[in-house]
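Hi,

Here is the structure I promised to hand over. Have a look at it first, and then read on for what turned up in it.

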Amino acid sequence: MHRPTGGHSEQALLKNDENGRFVRTSFGGDAEDRPMLHPRRPTIRSNNSSAQDANRATRKKYMIALVFLLLSLASFVVQTETAVYIQHELHWDKPYCMLYVTHGSWVLLWPFQLLILRIQKRKMSWAAFWRRHCSLLRTTAQMVETQEVHLTTRASHRSPIPYMIKTTAFVTSALTIAGGSWYVAVNMTTASDLTAIYNCSAFFAYAFSIPFLNEKLRFDKVFAVGVAIVGVLVVAYGDRPDKKVSKGGTATDGGDSDGDAQNRLLGNIVIGVGSVLYGLYEVLYKRFACPPEGTSPGRGTIFATTFGSLIGAFTLSVLWIPIPILHVLGWETFRFPTGEAGKMLLISICANATFSGSFLVLISLTSPVLSSVAALLTIFLVAIVDWFRTGQPLSLAAIIGGILIIVAFFLLSWSTYRELSEERRKSLENDQVESESDE
């Protein structure tokens, strides 16, 4: 298929094929999912060939997802350890400001991605590279809005910008409220309650996936999510006394007085709302900001990190407003981090941006449920890092809970892999039936 070079206009991207239909010839995407104004008639294939294609595509998607899973786990451990060190050891305890800065740092995802893509395509002229990249983002955003891999003539001319602005606004709002609830509840309830309740977002992600993503209620998925939540409960409550995390980072016995009991109840309600909203955020992102099933992994990865930058841009441009209000009210006095706190905050910001970008890609390529359970692996990893850092060995509850979470992740991975393979095979078979009926 012909690819336009640097000096061609956007109209040159549309070209008559041999049957007189207009097809989009180049926008920087993979050949397997290039949206066409009128899709060509698919080649007739055998059932065996369809199954092989489905398995090959699913394996490719899972291999890319595995890379981003490992990247997200490593970066989350770094981000968690530095955040705890900043707040507890260096006493820069500014929860909302830290939330604002870390989420705002996501804006760097797209420029960093653009740099990597440019290095890969360094032999191409900048004008041609930029045009192809913008065309890829535009057509992918149109696919996201219509949830169709093949674009109609009308959809290809509609600007996706208004849709993306609205989607960014409500997805970011859900994420900010969910993330902020953790910082609000951290000084009101016990560390055990905080860990257990917040990480139940995997259950809510599955619950919201049923109406929003048309997920089927499958026993193997329900069982895997249940095992993961049991693992979290074992880690949180197994052999650890209830402790309340004070603002300075020290742990004190919780629940002795009526005031403490009321605060703990209120804190649990706050973090419960945050858990629900975090599960909702993951599903909303998958439903309204991810390309449809059948899109190539490369295209999905590029668009996921770009949407992460949109979240960062919205955060920086809008969510600064509460900072002066909190300062005036005295709820969170603003001050710049200096010295070691500033250096560690920079590391934490970079780690958070890496984790968040990888997590968005993971959701885009797989599902919110699998990504949520995968995120639970960080509980065990952070415990291991704390063991090496502090010299305190893992408790029996941490080991058992960690093993349960790992088992749940592999069960859910296998279930999701089979489901994706089945969906791709059915899609290819449907294309084949339509092709035969057209003839």
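A word on accessibility before anything else: a residue is called buried under 20% relative accessible area, exposed over 50%, and partly exposed in between, using a 1.4 Å probe and protein chains only. By that scale proline 111 is partly exposed, with a relative accessible area of 39%.

Please keep in mind that this is a predicted model, in which local features need pLDDT of at least 70 and side-chain atom pairs count only at pLDDT 80 or more, while totals for chains, interfaces and linings use all residues. Residues are numbered from 1 along each chain as its sequence is written, and side-chain values use heavy atoms, with hydrogens and water left out.

The overall picture

The protein chain has 15 helices and 4 strands. Both are DSSP runs numbered from the N terminus, helices being H or I of at least four residues and strands E of at least two. Of the chain's 439 residues, 49% count as buried. Contact here means heavy atoms within 4.5 Å. Among contacts between residues at least 6 apart in sequence, 77% join residues at least 24 apart.

Helix α3 against helix α11

Proline 111 belongs to helix α3. That helix (residues 109–120) packs with helix α11 (residues 297–318) at an angle of about 145°, and the axes are 7 Å apart. For these values, axes are lines fitted to C-alpha atoms, for helices over the stretch in contact, and angles run from 0 to 180 degrees between N-to-C directions. On the α3 side the contact is made by Leu109, Trp110, Pro111, Gln113 and Leu117, and on the α11 side by Thr301, Ile302, Thr305, Thr306, Gly308 and Ser309. These residues divide into 5 nonpolar, 6 polar and no charged. The classes are as follows: Ala, Val, Leu, Ile, Met, Phe, Trp, Tyr, Cys and Pro are nonpolar, Asp, Glu, Lys and Arg are charged, and the others, Gly among them, are polar. Proline 111 and threonine 305 are 194 residues apart in sequence, yet 9.6 Å apart in space, C-alpha to C-alpha.

Aromatic rings

A pair of aromatic rings is described by the distance of the centres and the angle of the planes. Rings of Phe, Tyr and Trp (its six-membered ring) pair if their centres lie within 6.5 Å; planes under 30 degrees apart are stacked, over 60 edge-to-face, and the rest tilted. The structure holds 15 such aromatic pairs. One of them joins tryptophan 126 and phenylalanine 129, a tilted pair at 5.6 Å centre to centre with 40° between the planes. The two are 3 residues apart in helix α4 (residues 126–146), so about one helical turn separates them. Tryptophan 126 is partly exposed at 45% relative accessible area, whereas phenylalanine 129 is buried at 5%.

Phenylalanine 219 and phenylalanine 223 make a stacked pair, because their ring centres are 6.0 Å apart and their planes are at 25°. Being 4 residues apart in helix α9, they too are separated by about one helical turn. Phenylalanine 219 is exposed at 67%, and phenylalanine 223 is partly exposed at 44%.

The charged end of arginine 118 sits over the phenylalanine 129 ring, 5.2 Å from its centre. That description applies if NZ of Lys or CZ of Arg is within 6 Å of the ring centre and within 35 degrees of the ring normal.

Arginine 218 lies in the loop between α8 (201–212) and α9 (219–237), and is buried at 18% relative accessible area. Its side chain makes a polar contact with the side chain of aspartate 220 at 3.3 Å. A polar contact is a pair of N or O atoms within 3.5 Å; within protein, one must be able to donate a hydrogen and the other to accept it, and residues adjacent in sequence count only if both atoms are side-chain atoms. Leaving aside neighbours within four places in sequence, arginine 218 is in contact with Tyr206, Ser415, Arg418, Glu419 and Glu422.

Serine 75, in helix α1, is buried at 6% relative accessibility. The serine 75 side chain reaches the backbone oxygen of serine 72 at 3.1 Å.

Best wishes
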